[in-house]
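Good morning, and thank you for coming.

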Amino acid sequence: MKSIKRARIAIAGGEVVTLDTCEIVPGEYETMIVLEDGDELDSATATTEAQALRDFARLRQMYEVPLLSGKYAALAEALK
């Protein structure tokens, strides 16, 4: 298995997860979002690298939320 693209992204609730696209065998690709505990949140399979990278972008757009910054980050931390 060969990783093609990987990112750590924040999702709703503030959890940081791994988004990864890999080539399982030649001509078979999987893109998945994996939680910290190893559970899979979502995945997609593809037969071309181009489609797998489109799946990566689609899943990132669906799940990623911007991290809080500045006074909002301080407020969130204070409310914990």
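By contact I mean heavy atoms within 4.5 Å. With that in place, let me take Thr 18. Leaving aside neighbours within four places in sequence, Thr 18 is in contact with Arg 6, Ala 7, Arg 8, Met 32, Ile 33 and Val 34.

A word on the source. This is a predicted model, in which local features need pLDDT of at least 70 and side-chain atom pairs count only at pLDDT 80 or more, while totals for chains, interfaces and linings use all residues. Residues are numbered from 1 along each chain as its sequence is written, and side-chain values use heavy atoms, with hydrogens and water left out.

Thr 18 is found in strand 2. Helices (H or I, at least four residues) and strands (E, at least two) are DSSP runs, numbered from the N terminus. At 18% relative accessibility, Thr 18 counts as buried. The classes are these: buried means under 20% relative accessible area, exposed over 50%, and partly exposed in between, with a 1.4 Å probe and protein chains only. The side chain of Thr 18 also makes a polar contact with the side chain of Arg 8, at 2.9 Å. A polar contact is a pair of N or O atoms within 3.5 Å; within protein, one must be able to donate a hydrogen and the other to accept it, and residues adjacent in sequence count only if both atoms are side-chain atoms.

How many salt bridges does a search of the whole structure find? The search finds four. The term denotes a side-chain nitrogen of Lys or Arg within 4 Å of a carboxyl oxygen of Asp or Glu.

In the salt bridge between Arg 8 and Glu 36, the closest N and O atoms are 2.6 Å apart. Arg 8 lies in strand 1 and Glu 36 in the loop between strand 3 (28–34) and strand 4 (40–46), so this pair ties together parts that are 28 residues apart in sequence. Arg 8 is partly exposed, at 48% relative accessible area, and Glu 36 is exposed, at 52%.

Next, Arg 6 and Asp 20 meet through their side chains in a salt bridge of 3.3 Å, N to O. Because Arg 6 belongs to strand 1 (residues 2–10) and Asp 20 to strand 2 (residues 16–25), the pair ties together parts that are 14 residues apart in sequence. Are the two partners buried or exposed? Arg 6 is exposed, at 57% relative accessibility, whereas Asp 20 is buried, at 10%.

Asp 20 has a further polar partner: its side chain makes a polar contact with the side chain of Ser 3, at 2.8 Å. Beyond residues up to four places away in sequence, Asp 20 touches Ser 3, Lys 5, Arg 6, Glu 30, Thr 31, Met 32 and Phe 56.

Asp 55 is buried at 6% relative accessibility, and Arg 58 is partly exposed at 37%.

Apart from its neighbours within four places in sequence, Ala 46 is in contact with Gly 27, Glu 28, Tyr 29, Gln 51, Ala 52 and Asp 55. Ala 46 and Thr 31 are 15 residues apart in sequence and 8.2 Å apart in space, C-alpha to C-alpha.

I turn now to the nonpolar core. In soluble globular proteins, nonpolar side chains tend to be buried together. Which residues make up the largest nonpolar core? The nine are Ala 7, Ile 9, Ile 11, Val 17, Leu 19, Ile 33, Leu 35, Phe 56 and Leu 59. Strand 1, strand 2 and helix 1 each supply at least two residues of this core. Such a core is a set of buried Ala, Val, Leu, Ile, Met, Phe, Trp, Tyr and Cys residues joined through side-chain atoms within 4.5 Å. One member, Leu 59, touches Leu 19, Thr 31, Ile 33 and Asp 42, not counting residues up to four places away in sequence.

That concludes my presentation. Thank you.
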